[in-house]
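Please open the model in your viewer and keep the selection tool ready.

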Amino acid sequence: MKDLRIIQSPLDLIGRTPIKRLDSIGRGSESSLWAKLENLNPSGSLKDRIALQMIEDAEKNGDLKEGYTIIESSSGNTAIALSFVGALKGYKRIIFMPKIMAREKVEMIKRYGAEIRMVDVGEDVKDRSVHGSYVEVPGRIMCQRMAEENPQVWWARQFSNPANYRAHMKLGEEILAQLGNQIDAFVASVGTGGTLLGVAKVLKEKIPRVKIIAVEPADCPYVTLTNFKIIEGVTGGLLKEILDGKVVDKIVKVTDPEAIEMNHRLIQEEGLFVGISSGANVLTALNIARDMGKGSQVVTVLPDRGDRYITSEHYVT
Ligand SMILES: Cc1ncc(COP(=O)(O)O)c(C=O)c1O
């Protein structure tokens, strides 16, 4: 039976997403390929989970109070999610966003009523596959300054806020509740690393043999898992925890065209109108399932909706 709940708030629609076996794309592989439909969160991505958790944790510990302004540097989904959740909770929101991001994302943030400050991230990343953590760094430096200067500003700091991965621990618990202990691998694209870290913490605890596979854009020049540098205060965070804690069993790089091709297959063969990182995740999950062989179960996430990649198709995390 479909979900016929009466809800109090759109915030009640965050999380508890369905999981779907990808029967068409997984055909012939002798394994089961599962996708968690995170595109069905109300503002269209898994970042709704972390926006809610970060805001509510900050409210509880007194860092975020009535009359404060929420700020964040984000290349898209976190900005949209904070704009959405922050509006319902009555906060002013200012988003520092790289100039190169797609128009759809900018318009969504504005329509949720947040203010956008465009940040120049340099010519070199134009027309390339860009990495969330990389393009967000100049905006993070601006957030850091603003938060230091104004005590009534709360910087969400998704890249290092533990509420980020804690929100994704719930995602991990949902996966366990949906599939039980028969999971051989979990695959996720890495931006802040929150999805991978949160889900890995839960799955590794219950299923020690599970393999954790990180996916990242092939053409990401700076803050990545394979080329890691720390700028004090604005990088490091969850990515460092992932590397130091040896959470990842394998890192896979996916190019723009590969991610886009699988994204189109998801839309046309599976009827799932999702974003480009979903294509990268599913392509990697399919290859891992093939390597693991007959009877294996591989799980991944479809992080966001495809409507935000109409004018610009790139593998962004
Ligand atoms: C479309 C998309 N895919 C994947 C990710 C990676 O998620 P995380 O930041 O939890 O590593 C993000 C993060 O911003 C994203 O927006």
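Angles under 35 degrees count as roughly parallel, over 145 as roughly antiparallel, 65 to 115 as roughly perpendicular and the rest as oblique. This is a predicted model, in which local features need pLDDT of at least 70, side-chain atom pairs count only at pLDDT 80 or more, and totals for chains, interfaces and linings use all residues. Residues are numbered from 1 along each chain as its sequence is written, and side-chain values use heavy atoms, with hydrogens and water left out.

Begin by selecting residues 77-88, helix H2, together with residues 103-111, helix H3, whose axes come within 9 Å and cross at roughly 15 degrees (axes are lines fitted to C-alpha atoms, for helices over the stretch in contact, and angles run from 0 to 180 degrees between N-to-C directions; helices are DSSP runs of H or I, at least four residues, numbered from the N terminus). H2 and H3 are therefore roughly parallel to each other. Now show the side chains of Ala79, Ile80 and Ser83 on H2 and of Lys105, Met108 and Ile109 on H3, which make the contact (heavy atoms within 4.5 Å).

On the H1 side, select the contact residues, among them Ile50, Leu52, Met54 and Ile55, and on the H2 side Ala81, Leu82, Phe84 and Val85, among others.

Note on methods
Helices (H or I, at least four residues) and strands (E, at least two) are DSSP runs, numbered from the N terminus.
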